[in-house]
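Visitor: Could you give me a close look at one strand and what it pairs with, and then carry on to the contacts beyond it? I'd like the cut-offs along the way, please.

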Number of protein chains: 2
Amino acid sequence: MLPNPYDLIPSSALRPISGAIGDVVFHQGDPTHGLYVVQTGRVHLERVGPNGERFIIHRAQAGTSFAEASVFSEVYHCDAVCVEAGVLIRIDKAAVMAAFADPAFARAYGRQAAQQIQAQRQMLEIVGIRRAEDRVMAGLVAGLLDGSVVEFAARLQLSHEATYRALRKLVQDGRVTNPCRGIYHLRP
Amino acid sequence: MLPNPYDLIPSSALRPISGAIGDVVFHQGDPTHGLYVVQTGRVHLERVGPNGERFIIHRAQAGTSFAEASVFSEVYHCDAVCVEAGVLIRIDKAAVMAAFADPAFARAYGRQAAQQIQAQRQMLEIVGIRRAEDRVMAGLVAGLLDGSVVEFAARLQLSHEATYRALRKLVQDGRVTNPCRGIYHLRP
DNA sequence: GGCAGCATATGATTGAAATCATATTGCGAT
DNA sequence: ATCGCAATATGATTTCAATCATATGCTGCC
């Protein structure tokens, strides 16, 4: 694993927060305290439309951070709601700001951010592919099928049925091997 | 406009590169020189699949950067091909690495990266919305309709016809106003 | 002025993925 | 062992966006 920039933040700037389901971690417009790392559970970031519709702008999984931009902002720009109970770590924005003076932190942060941006761009390209078969193939090339097919399908924004069918088609066309139930590999 | 981190890089580290259509800026496996900023033209980043299929992993527009992660890598992990003639600026990776020692650069970089990550996450959520009407509504809430409807539709990964129909439906349902041809606003 | 070209718009048809339904397999708990 | 449950897998039907077609308004150009 690459150096996690947040390991370089003094622990005094870290605050564990336990979130029950439905808990609002912060509200749109609240003054920012800092960014969050999800240890366990899941958090949704939501923006409220003019007529009260709630749009999810991000689903933060365990092991990921969210509200990174709040470090550079005076107020939060969305709501954060705990949708699965767990523990979050809040990292104080002043500590992050200060840490940028440490070149080791700055480079670790830069590296992580650059890789995340690259990965997200790739995901945007992949989910933009219309044909299920092509999308599944692109997902396989990108190495997105590491866990279950159901999870793979969710990442591809396809129904798992459509994903199974596309996989079968790719196997029939000889582009993919299916050595055993649930396992698919690109034919070299 | 927020401070562009690359303005803080000494100009000696910048190299303008003119690209004709079809020019390969770099190949997968080439040793990295640095990242690129597209001044004019367009560049596709492509990864080659095991059977020679080419998957576009990013389309870089004028005014955006690409291959940022190459600063932290020994070799490029994809091909960069100029699909519209223009001028690129290459920023030397050593200069970027060195610049992270400057807290002002580090913070500017961090801010830009955090905002880009946030924007990309939001785009991923939006293009993941199945119903054209909901997707268009989310796009409007996100402020994605600044230029033409055609451009808006492309951002949403929808056909412009579907986008027009969704907009009309939203107007009929009173959720959006259409003060004049081509202009749509959220009803407050 | 008149023409070309593009954005805007909307109707008709088609196609592909979502959805619904139904088995089967594999695995952990009791 | 067997019960229950989730993942795997595939068939049938429906839905809805893409596509094709057509028309109009607007803008720049000669």
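Guide: Strand β2 of chain B (residues 24-26) is joined by two bridges to strand β7 of chain B (residues 79-84), and the two run antiparallel. Pairing here needs at least two DSSP bridges between the strands, and the elements themselves are DSSP runs numbered from the N terminus: strands (E) of at least two residues, helices (H or I) of at least four. Within that pair, Val24(B) sits opposite Val81(B) of β7(B). β7(B) also runs antiparallel to β4(B) (residues 42-48), this time with five bridges, and there Val81(B) turns up again, as the bridge partner of His44(B).

Before going further: this is a predicted model, so local features need pLDDT of at least 70 and side-chain atom pairs pLDDT 80 or more, while totals for chains, interfaces and linings use all residues. Residues count from 1 along each chain as its sequence is written, chains are lettered from A and ligands numbered from 1 in the order written, and side-chain values use heavy atoms, leaving out hydrogens and water.

Now to DNA strand D. It has 21 residues around it, with Tyr164(A), Tyr184(A), Ala132(B), Ser159(B) and Arg165(B) coming nearest (near means a heavy atom within 4 Å). A polar side-chain atom of Arg168(A) is 3.2 Å from a phosphate oxygen, Ser159(B) puts a side-chain N or O atom 2.8 Å from a phosphate oxygen, and Arg165(B) has a polar side-chain atom 2.7 Å from a base oxygen. Helices α4 (149-156) and α5 (160-172) of chain A, plus α5 (160-172) of chain B, each give two or more residues to this surface. α5(A) has the largest share, four residues.

Last, the two chains. Together they bury about 4600 Å², 58% of it on carbon and sulfur; that is accessible area lost on being put together, with a 1.4 Å probe, summed over both parts. Arg107(A), Arg121(A) and Glu125(A) supply 15% of what chain A buries, more than any other three residues. Four salt bridges cross the interface (a Lys or Arg side-chain nitrogen within 4 Å of an Asp or Glu carboxyl oxygen). One of them links Glu125(B) and Arg59(A), at 3.1 Å from N to O.

How values were computed
A polar contact is a pair of N or O atoms within 3.5 Å; within protein, one must be able to donate a hydrogen and the other to accept it, and residues adjacent in sequence count only if both atoms are side-chain atoms. Buried area is the accessible area (1.4 Å probe) that two parts lose on being put together, summed over both.
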